[in-house]
Amino acid sequence: MVVYAAQGDPRRSMALLWRTESPDSERPGPKPGLSVELIVETAIAIADAEGMAGLSMRAVGDRLGRTAMALYTYVPSKSELVDLMYDTALAELPATYDGDGWRADAARWAEDLWDFYLRHPWVLQVSQARPVLGPNEYVVLEALVKILRRTGLRPTALRRLVSALYSCVREPARTASEARLAEKVTGQPDDEWWYARSAHLEEVSPDFAERFPTLTWMESEHAFRMEDETVSYLEQEAREAFEFSLAVLLDGIEVATKAE
């Protein structure tokens, strides 16, 4: 399920994101029992528990003991709500990294983003094709660019590295989060699914070793074995892919700094 952010009214969405509208407490009349912040926090809790599929204005209203219509005074539609949820959740991430060097800080930035994605897997369903353009989105981006600027590389190279680092974290995190959800959604444990399917490979492809000699060689070298049997294979593989690709990418950045 892909969700495209920034689909609501641009002026109202940006005003809500950047909090340029008057706070609820300053509105005339009786003090309201709701607020944008409360609605967004409730929506995030629903998405954390049920994913985007469980999110609706009605679901948020039900949890708050209100009708969906009561929410529209504060948030015009689900589109604006998703924007606010996304940017509000990003506020959990650090704004600055001032450690022992750009490489260590870049690694910490990536680790923090990995943990963030696994805490809020619904964020991975928000497409990057239409950025939210909220303040916290820029805070996270600014933090990374500040780190990479210390490499001395040119701005064009930094832009490309930002994209590469986000992808380095985001794609393995997506696999890990999907692996965690698989049993809940399908009702079948991970090991049970793997054994049920792989057991038939020899039957349907008795010449598997001849057809796929490189994969067979990797299996003979125990390349597909994982150490922790309490964690799903794909989640462990995703974590290893993240760590390995991050290390390779940071190595490449170091090489590029020496070539400048």
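Two residues are in contact when heavy atoms lie within 4.5 Å. The structure is a predicted model, in which local features need pLDDT of at least 70 and side-chain atom pairs count only at pLDDT 80 or more, while totals for chains, interfaces and linings use all residues. Residues are numbered from 1 along each chain as its sequence is written, and side-chain values use heavy atoms, with hydrogens and water left out.

A47 belongs to helix α2 (residues 36–50); helices are DSSP runs of H or I with at least four residues, numbered from the N terminus. Apart from neighbours within four places in sequence, A47 is in contact with M85 and W122. The C-alpha atoms of A47 and V123 are 8.9 Å apart, although 76 residues separate them in sequence.

| Residue | Relative accessible area | Class |
|---|---|---|
| A47 | 2% | buried |
| W18 | 41% | partly exposed |
| Y138 | 40% | partly exposed |
| W193 | 37% | partly exposed |
| W194 | 32% | partly exposed |

Rings of Phe, Tyr and Trp (its six-membered ring) pair if their centres lie within 6.5 Å; planes under 30 degrees apart are stacked, over 60 edge-to-face and the rest tilted. Seven aromatic pairs are counted by this rule. W18 and Y138 form a tilted pair, 6.2 Å centre to centre with 45° between the planes. W18 lies in the loop between α1 (10–17) and α2, and Y138 in helix α7 (residues 135–149), so this pair ties together parts 120 residues apart in sequence. The rings of W193 and W194 are edge-to-face because their planes stand at 90°, with centres 5.1 Å apart. Ring pairs also link W193, W194 and Y233 into a cluster.

Methods. Helices (H or I, at least four residues) and strands (E, at least two) are DSSP runs, numbered from the N terminus. Buried means under 20% relative accessible area, exposed over 50%, partly exposed in between (1.4 Å probe, protein chains only).
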